[in-house]
Amino acid sequence: MNCDEIARAFHDDGYTMVRGVFSQQEIAEIERYLDDFIQSIVPNLAAGHVYFEDGPGKPIKAIHNLQQHSSHFKSIARDERLLRLMQSIWPGAEISSRAVMFFGKAAYSGSVAPAHQDNAFQNLQPPEELVCTIAIDESTAANGALCVQRGSHHAGRLPHHPSGVMGFSQTLVTPLDLEQYPEVQLCMQPGDVSLHHTNTIHYSGPNATSRSRRQLGIGYRTTRAKRDEVAWADYQAELSKLHASQGAAT
């Protein structure tokens, strides 16, 4: 793993991929802990920490803050390989892991995640944050691979408005030009890792296949990144309206 090359690609393009970071055995262990989490923890989670699809069986679309309930997921965020990558991206900075999240697209029912920047939710300045995505399943164009727009992080934090989509409640007001900021599909194998900048525009399509597309996401940021509390309050107000309109907080 050439950390300097990875960091250079991340800063230039707003994303990068690293193949084979986690072994087959490590991914199998993540699956076991995830299955146990879904069975034993999810039924007791407070409203707003887990989101479900609207389709039959209501499969899980997203779970937030797994690290608050599981020492195993907390330890994944502290994995020395991931921390080494973070230090290469922000050398000399103090870095913390923000949250461990699960993102799922169940077979035949995984829904669209609209185009957005994570910083529309986090409201950070400077925007020294990224999401590290660990592939549990193979992700392909057909089952809803994450798509990014190369270089879009250089455009800064862009205006968003409510999307009406539970779990992905904000979307871009005006899409960026695909010729200037081309779309790249992050097709991954289990154990691969992708990193995308908090200002990188990203989205994903539906899962129309018989195979699930499950991923863990870990947020990392430097201690220099400070939240715009006014923008954060506005976002929280919009989120509350969405929850109220759906008649639930999940």
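Reader: Where does Asn123 lie?
Author: Asn123 lies in the loop between helix H5 (119-122) and strand S6, where helices (H or I, at least four residues) and strands (E, at least two) are DSSP runs numbered from the N terminus. This is a predicted model, in which local features need pLDDT of at least 70, side-chain atom pairs count only at pLDDT 80 or more, and totals for chains, interfaces and linings use all residues. Residues are numbered from 1 along each chain as its sequence is written, and side-chain values use heavy atoms, with hydrogens and water left out.

Reader: OK, and what is the phi of Asn123?
Author: Asn123 has a positive phi of about 60°, although it is not a glycine. Most residues other than glycine have a negative phi.

Reader: Is Asn123 buried or exposed?
Author: Asn123 is buried, with a relative accessible area of 3%; buried means under 20% relative accessible area, exposed over 50%, and partly exposed in between, with a 1.4 Å probe and protein chains only.

Reader: What about Asn65, where does that one lie?
Author: Asn65 lies in the loop between strand S3 (60-63) and helix H3 (71-77), has a positive phi of about 60°, and is buried at a relative accessible area of 18%.

Reader: Switching topic, which residues does Ser152 touch?
Author: Not counting residues up to four places away in sequence, Ser152 touches Gln117, Leu176, Tyr181, Asn199, Thr200 and Ile201, a contact being heavy atoms within 4.5 Å.

Reader: And is Ser152 buried or exposed?
Author: Ser152 is buried, with a relative accessible area of 0%, and it lies in the loop between strand S8 (146-149) and strand S9 (160-162).
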